Amino acid sequence: MGKLRTLGIIIGLLAILAGCGDDDDDEVFLVDILSDPGADGDIGLTLEGTYQVSQASSTGNLLFGIDPDGTEFRAFVDFPLGAVPLEAEILVADVEVYVNDVEYGFGFSAVPTLLEMVSFPITGLTPDDFDSAPIASRAPFDFFRSDINSYVLIEVTSLMREAQVQGLSDLQLRFLLDFVPGAAGFVELDDESESRAPLLTVEYR
């Protein structure tokens, strides 16, 4: 079941007292931030070596993995961080995505996935972003067919902390297939409406 979402890129800001008294050091905040569909998108690299760049604002989805034609896709997601103070101590950060489809490669029962923190222009993806050097990454994880038509929560605490250390105005992430031996597979994430768009949740103090 997905989190309750309301209108606006920034869903809400909630202050929770984590201890007794009025000490500001004990105050914990929770903020939800929708991704920016104008910056989100995916890039496909065909077997012929040409690139196909798509923006989520036009397609309503995000693709990564290898499709039946052999095109490799990588998905890009942008979260504006204006609601999180640069001096904040990040306690926990998660990204929630809605999964439209998952297809396995032969001999696999999941799609092995890498999630990297990268930098790309919010004005539109370019072919250079397909294989740009990552700033940081988290441990690989899997998508399963049981995830179809449901929300999946992915911990990104280490990536959010790195974004804070570097003073970044956006947390920008790239989903791609983890090329373990023989790996294949294809995943479609929803990015059409606010109720199913990627959502970053950050708990900080």
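Hi everyone, let me start with a definition: two strands pair if DSSP finds at least two bridges between them. The strands themselves are DSSP runs of E, at least two residues long, and helices are runs of H or I of at least four, with both numbered from the N terminus.

With that in hand, look at β8 and strand β12 (residues 170–177): they run antiparallel and are joined by 5 bridges. In that pairing, T113 sits opposite L177 of β12.

A word on where this comes from. It is a predicted model, where local features need pLDDT of at least 70 and side-chain atom pairs count only at pLDDT 80 or more, while totals for chains, interfaces and linings use all residues. Residues are numbered from 1 along each chain as its sequence is written, and side-chain values use heavy atoms, with hydrogens and water left out.

Now the overall picture. The chain has 14 strands and 2 helices. Of its 205 residues, 47% count as buried, where buried means under 20% relative accessible area, exposed means over 50%, and partly exposed is in between, using a 1.4 Å probe and protein chains only. The accessible surface comes to about 9,700 Å², and carbon and sulfur atoms hold 54% of that; the method is Shrake-Rupley with a 1.4 Å probe, and for residues only the protein chains shown count as cover. Then there are the contacts, meaning heavy atoms within 4.5 Å. Among contacts with a separation of 6 or more, 76% are between residues 24 or more positions apart.

Back to β8, then. Is this strand enclosed or open? Strand β8 (residues 111–117) has 6 of its 7 residues buried, so the rest of the structure largely encloses it.

Let's move on to charges. How many salt bridges does the structure hold? There are 6, each defined as a side-chain nitrogen of Lys or Arg within 4 Å of a carboxyl oxygen of Asp or Glu.

Take R205 and E89, whose side chains meet at 3.0 Å, N to O. R205 counts as partly exposed at 43% relative accessibility, and E89 counts as partly exposed at 40%.

Next come R145 and E103, in a salt bridge of 3.6 Å, N to O. This pair also links distant parts of the chain: R145 is in the loop between β10 (141–143) and β11 (150–155), E103 is in strand β7, and they are 42 residues apart. R145 is partly exposed at 40% relative accessibility, as is E103 at 35%.

The pair R196 and D190 meets at 3.8 Å, N to O.

Last stop: E72, R74 and D131 are linked in a network of salt bridges.
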